[in-house]
Amino acid sequence: MTMVTKMVMVLVFMAASTGVKWVGAQVHHVVGGDRGWDPSFDVASWSSGRIFRVGDKICFPYSAAQESIVEVKSKDEYESCDVGNPIRMYTVGLDGIELDGEGIRYFMSSKPESCKRGLKLRVELMPLQSPEFPQEILSESESESDNSDWSIAAAPTTPSPSVQLYGNFLLSSFGLLLCTCMAI
């Protein structure tokens, strides 16, 4: 076996072992954070400013004995808290829902009284690629006003552990490849 053939085999093995799946932008949104989906929880402030993208996952932690969640099809059902014709019901207590396909999805408490008190969530799914920010820069007074359509969050200061682990894996794999080639 030639050295080039061996190198190609090692590269194919490395690509297969990583599943040829590179780091993606999937986000797991836990509705309510530590408090979870609860009648006293302010869903509107939690969801304010969040961006949901196709491929993300949304998790609803709640007490299955006291609550369940329904997904409805229309804005009218959502706004009127009409739970009579749900397209899906979630009753497990820690429901993880894949957000697939662009558009708007409506989730709400299966109890109309809780829904009417605000225990409901409208999720607008954006495409995988983030839209470009407007070219003009907002003035300080515009960016501080509550009427602004755009808000810019600070970038994370450290990469997530999964990105660090993936980077370490690639570095180790490259080192192994280099050692293998030098031994040949």
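In which sense do strand E1 and strand E3 pair, and over how many bridges? In this predicted model, E1 and E3, the latter spanning residues 57–61, run in the parallel sense and are joined over three bridges. Within this pairing, His-29 has Ile-58 of E3 as its bridge partner.

The two strands belong to an open sheet of three strands, ordered E1-E3-E6, in which the pairing is mixed. Strand E1 (28–30) and strand E6 (94–98) form the edges, each pairing on one side only. From one strand to the next, the twist averages 20°.

The bond links distant parts of the chain, 34 residues apart: Cys-81 sits in the loop between helix H3 (75–80) and strand E5 (88–90), whereas Cys-115 sits in helix H4 (residues 112–116). Because the torsion about the S-S bond is about -75°, this disulfide is left-handed. Cys-81 has a relative accessible area of 4% and is therefore buried; Cys-115, at 1% relative accessibility, is likewise buried. Cys-59 also counts as buried, at 16% relative accessibility, a value under the 20% cut-off.

Confidence in the model should be read alongside these features. The protein chain has a mean pLDDT of 73, with 56% of its residues reaching 70 or more. Over residues 18–23, pLDDT stays under 50, and the model has seven contacts beyond four places in sequence for them. Residues 133–160 likewise stay under 50, with nine such contacts in the model.

Terms used: Residues numbered from 1 in each chain as written. Predicted model: local features only at pLDDT ≥ 70, side-chain atom pairs only at ≥ 80, totals over all residues. Heavy atoms only, no water. Pairing = 2+ DSSP bridges. Helix = DSSP H or I, 4+ residues; strand = E, 2+ residues; numbered from the N terminus. Axes fitted to C-alpha atoms, helices over the stretch in contact; angles between N-to-C directions. pLDDT = per-residue confidence, 0-100. Contact = heavy atoms within 4.5 Å. Disulfide = S-S within 2.5 Å. Buried < 20%, exposed > 50% of the residue type's maximum accessible area, 1.4 Å probe, protein only.
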